[in-house]
Protein chains: 2
Amino acid sequence: MRGRSKDRDLLVADIGGTNSRFAIAVSETGRTTLQRVTRFANAGVEDFPTQLTRFLSSLDMPLPARACIAVAGPTDGSSALLTNGRWQFDAAALKRDFGFADALLINDFTALASGVHALDDAHTQRIKRGRPVTGAPLCVIGPGTGLGVACVVSPGPTQTVIPTEGGHVDLAAVTSQEWSLKQALHEQLGTRISAEHVLSGEGLRRIDAVLRGEPGSLRPVETITQEALGGGESWGRRTVDQFLTLLARFAGNTVLSQGARGGVYIGGGILPRLLPALDTGQFARDFSDKGVMAAYCEALPVHVITDTETALRGAAMAFQQTRDRA
Amino acid sequence: MRGRSKDRDLLVADIGGTNSRFAIAVSETGRTTLQRVTRFANAGVEDFPTQLTRFLSSLDMPLPARACIAVAGPTDGSSALLTNGRWQFDAAALKRDFGFADALLINDFTALASGVHALDDAHTQRIKRGRPVTGAPLCVIGPGTGLGVACVVSPGPTQTVIPTEGGHVDLAAVTSQEWSLKQALHEQLGTRISAEHVLSGEGLRRIDAVLRGEPGSLRPVETITQEALGGGESWGRRTVDQFLTLLARFAGNTVLSQGARGGVYIGGGILPRLLPALDTGQFARDFSDKGVMAAYCEALPVHVITDTETALRGAAMAFQQTRDRA
């Protein structure tokens, strides 16, 4: 029954800067489940085909005939360059070298956003209560290596995921302290300051360095978060509080810009680690601090994606949608 | 042939704070044209039915059986309160009192955005060259009484118009002068400062007052624009330059947030009057001043909508779409 299995199954992958995740997405009676979910560290691995071969060697089932690979970097669907700069590959070579009948490359944040509408309580932690407007767009924000932003229009089987560059908007300082931070970063980096300059792993380190009065001396993210989670007053605590306030303001602004009355999903690697330090009341106040639009924002829920397989499921959904439309 | 005419035709209206526009939208072989376009000033008119009766009295053709009314204010499709606060009406009463078989109320900015994809060179003035990405979302921005923002997803017959509240995002000051302006307005108004606080008719007056050092003394918009258009150095000139820079920055940020690689259309009543004072080179530089995203913005065109009937045509398109989906 090898042929039938090949038709039904899809290899999915989520290639980040640090790890690669693989799985086989199996669709049965309209429902997609992931099987053989596997994670490999990328460090020391020469190229993507090597990583893919490791996964395929571990499989005790027929090789799927189709693949959808989500990559942390720009892609036009047929070729990709990972943002880490080391791996470059294209769909045609994957088809040739691994015998796929069909292969699609998509951006990893698009994959994450594609999987968001199917998330439930087991995959997320709600950090702000609210009632989404049915059928309204969702906003997906991911502070990590960068600050990814996407908008999911008409969430569900017929959804459209709009990849955006919302992380690169001008940072909107509200308090004098935030303006001082923006000015300090502007002087240090010699460039205009975007939201991503503060709402990312590097951004967390930059906030910490400016608050400590040593803009050029970046401490590891681990050190800052451990200090913040340790309780009591510390630079790490102040840094994390400022980071979370800026993130809440940014999320509110993105909701307004996108008309995202379906609410907010926050992905990326940073927030799940900061959850124990999050004051949800303060987050909700900062998120809804929008003057005449306060009630608009107060009505909306905000979730943190704690699940690590959302992008894999999203890749399967995005593949299906792309091929259905073709 | 009265019955047939009624089936094919649609009464459309665009009710603003100052004027009401009416027309009969006639659809033939897939193309919609406006007939009997009429404008009435709203000043001194008691209610919308009075205004509608004036238009209907002027018609030398059968009354259409269907109506789509675009209103400057919030609406749920069946009732509306105009932002000017004087007129309130609902679709059921219009059907009862005027014999419409079908009546739909929509927001006027949604109507404008719905008509944007069909605009051509006769209806717009391009103020920045660029090549839009085919099928990508369009961004529609309208500085007027307020600052309207909408996103048009998949522009064309199957488009989705997302009404947003993007005008209410935190104003993102970039230069020290912009931060001083934001601070002065914050102290004066006692509220957080949004983009709309400066990018609107009142906003133009506020910028002028702060630059002149008399934050409480607002001059008429006409005085400011005439000064700016008069040539030479003046407070009006400086005000308009600052307004246009803030608008260009805001448009760039909105494009990034919405992933609007289809480009920007600027509607509303203010820009068409400022066109003679617009330095298109400076506007393009301010629009694309986005660091690593400069090339992303440089690629996109920006148009000003000079046509006054776009919202009427958009109302016809939105009506058709809404009923097709129902």
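Reader: What is the count of salt bridges between domain 1 of chain A and domain 2 of chain A?

Author: Happy to start there, and please keep in mind that this is a predicted model. A pair would need a side-chain nitrogen of Lys or Arg within 4 Å of a carboxyl oxygen of Asp or Glu. Between the two domains of chain A, the count of such salt bridges is 0.

Reader: How many residue pairs are in polar contact between domain 1 of chain A and domain 2 of chain A?

Author: Here the cut-off is a pair of N or O atoms within 3.5 Å. With both residues at pLDDT 80 or more, the count of pairs in polar contact between domain 1 and domain 2 of chain A is 2.

Reader: Which helix gives the most to the side of domain 1 of chain A that touches domain 2 of chain A?

Author: Good one to look for in the structure. The contact takes 7 residues from domain 1 of chain A and 15 residues from domain 2 of chain A. On the domain 1 side, α4 (108-116) and α12 (310-325) of chain A each supply at least two residues. The one that gives the most, with 4 residues, is α4(A).

Reader: What area do chain B and chain A bury between them?

Author: Let's turn to the two chains. The size of an interface is often given as the accessible area lost when the parts come together. Each chain brings 33 residues to this contact. Of the buried area, 61% is on carbon and sulfur atoms, and the total for chain B and chain A is about 2,700 Å².

Reader: Which residue of chain B forms a salt bridge with K290(A)?

Author: Across the interface of chain B and chain A there are 2 salt bridges. In the one with K290(A), the closest N and O atoms are 2.7 Å apart, and the partner is D170(B). Together with W179(B) and S257(B), this residue supplies 22% of the area that chain B buries against chain A, more than any other three residues.

Reader: Where does the largest share of the side of chain B that touches chain A come from?

Author: Three elements of chain B, β11 (160-164), α5 (176-189) and α8 (235-258), each supply at least two residues of that side. By class, the side of chain B that touches chain A has 14 nonpolar, 12 polar and 7 charged residues. The largest share, 5 residues, comes from α8(B).

Conventions: Residues are numbered from 1 along each chain as its sequence is written. Chains are lettered from A and ligands numbered from 1 in the order in which they are written. This is a predicted model: local features need pLDDT of at least 70, side-chain atom pairs count only at pLDDT 80 or more; totals for chains, interfaces and linings use all residues. Side-chain values use heavy atoms; hydrogens and water are left out. Contact means heavy atoms within 4.5 Å. A polar contact is a pair of N or O atoms within 3.5 Å; within protein, one must be able to donate a hydrogen and the other to accept it, and residues adjacent in sequence count only if both atoms are side-chain atoms. Buried area is the accessible area (1.4 Å probe) that two parts lose on being put together, summed over both. Ala, Val, Leu, Ile, Met, Phe, Trp, Tyr, Cys and Pro count as nonpolar, Asp, Glu, Lys and Arg as charged, and the others, Gly among them, as polar.
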